[in-house]
Amino acid sequence: KEEFMKAHAHLKDVEYAMEAVKRGLLTVGVKGKTMMAVGMERRELQRLEVHDSNCKLWQVDEHIIGFSAGIVVDAKSLMKKCMVEAISWRMQYEECPTVGHIARFLSAFTSDNVLNNKARPMGCSIILGGCDIMGESENNPHPKEYPVPRLYMIDPSGALREFKSYAIGRFADIVNDFLKAEHDHFQELLAKVAPEDEERLVCEFVLSAIMQVMAVGKENIEVITIKNYAGARILSDFETQ
């Protein structure tokens with residue numbers, strides 16, 4: 001693999017894994033001021049299939065939710081490792097792990113998988129969402145007193161990036177172009193909105209992004225919100241509609 005990378009500057013195994021992600025169901029995440037929302041495309045169930053048997057979201061910790069696009073079995077394996085890491089952190093330090101720590105742990109494990117000749121890259125991308133209390137730093141000289149939403153994306157190569165809004169899965173390129181184009185307008189609305197209306201605004205923006213590539217309805221879309229003090233909640237079909 002090292003010789004191949006020197007000659008071609010890429011790995012075909014990773015490209016195959018990226019292709020699996022592009023064929024996965026669409027997932028869109030958007031951050032607000034005190035909460036975030038994630039919209040997920042629902043797969044049409046077979047007649048006798050149980051709804052929760054092919055779930056693509058996992059609660060990693062009390063305040064951290066993971067979402068995936070790509071091969072579900074690979075995503076389940078990664079999410080289980082994140083859950084174990086979150087429990088280990090709580091037992092060792094007697095406090096909840098940050099979203100950033102779990103994201104860095106997952107990125108390190110995934111990148112090691114790519115460089116290990118005995119294993120193939122994971123055929124999925126993961127979005128980790130949650131709320132963290134930010135400390136003062138050079139990049140954040142005036143931290144908020146309340147937990148702020150964080151949204152990380154880890155791709156099959158192990159690359160880790162934080163976004164204000166991002167989409168993975170099929171049609172992700174089109175949706176990401178929409179998110180970039182409408183970001184400034186969304187931030188203007190977010191700055192003016194009342195705290196009690198923030199959830200509605202963020203969810204509507206998520207659904208607007210998904211509507212660029214497909215019709216939105218309670219049958220094919222699921223929306224999850226993560227608030228800084230209230231935790232995660234799946235919107236009812238009536239609220240989504």
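**Exercise 1. The largest pocket**

How many residues line the largest pocket, and which of them lie nearest its centre?

*Solution.* First, the ground rules. This is a predicted model, in which local features need pLDDT of at least 70, side-chain atom pairs count only at pLDDT 80 or more, and totals for chains, interfaces and linings use all residues. Residues are numbered from 1 along each chain as its sequence is written, and side-chain values use heavy atoms, with hydrogens and water left out.

Step 1. On a 1 Å grid over the protein atoms alone, a pocket is an open set of points where a 1.4 Å probe fits, with protein on both sides within 12 Å along at least five of seven lines; lining residues have an atom within 4 Å of a point.

Step 2. Count the lining. It has 17 residues. Nearest the centre lie Lys 31, Gly 32, Lys 33, Val 148 and Pro 149.

Step 3. Sort by class. The lining has 6 nonpolar, 5 polar and 6 charged residues. Here Ala, Val, Leu, Ile, Met, Phe, Trp, Tyr, Cys and Pro count as nonpolar, Asp, Glu, Lys and Arg as charged, and the others, Gly among them, as polar.

Step 4. Find the elements. β6 (148-154) and α5 (172-192) each supply at least two lining residues. Helices (H or I, at least four residues) and strands (E, at least two) are DSSP runs, numbered from the N terminus.

Step 5. Give the volume. The pocket holds about 500 Å³ of space. A volume is the space filled by probe spheres set on the grid points, which are joined across faces, edges and corners.

**Exercise 2. Helix α5**

*Solution.* Step 1. α5 has 21 residues and reaches 29 Å from its first C-alpha to its last, close to the 30 Å expected. The expected span is 1.5 Å times one less than the number of residues.

Step 1. A kink of about 50 degrees is centred on His 183. The bend at a residue is the angle between axes fitted to the seven residues ending there and the seven starting there.

Step 2. Buried residues of α5 include Val 175, Phe 178, Leu 179 and His 183. Buried means under 20% relative accessible area, exposed over 50%, partly exposed in between (1.4 Å probe, protein chains only).

Step 3. An α-helix has 3.6 residues a turn, so residues three or four places apart point the same way.

Step 4. The cover over the buried residues of α5 includes β1 (27-31), β8 (165-168) and α6 (198-210).

**Exercise 3. Positive phi**

Where does Glu 94 lie, and where does Phe 171 lie?

*Solution.* Step 1. Glu 94 sits in the loop between α3 (72-93) and α4. Its phi is positive, about 55 degrees, although Glu 94 is not a glycine. Glu 94 is exposed, at 74% relative accessibility.

Step 1. Phe 171 lies in the loop between β8 and α5. Its phi is near 65 degrees, a positive value in a residue other than glycine. Phe 171 is partly exposed, with a relative accessible area of 37%.

Note on methods
Contact = heavy atoms within 4.5 Å.
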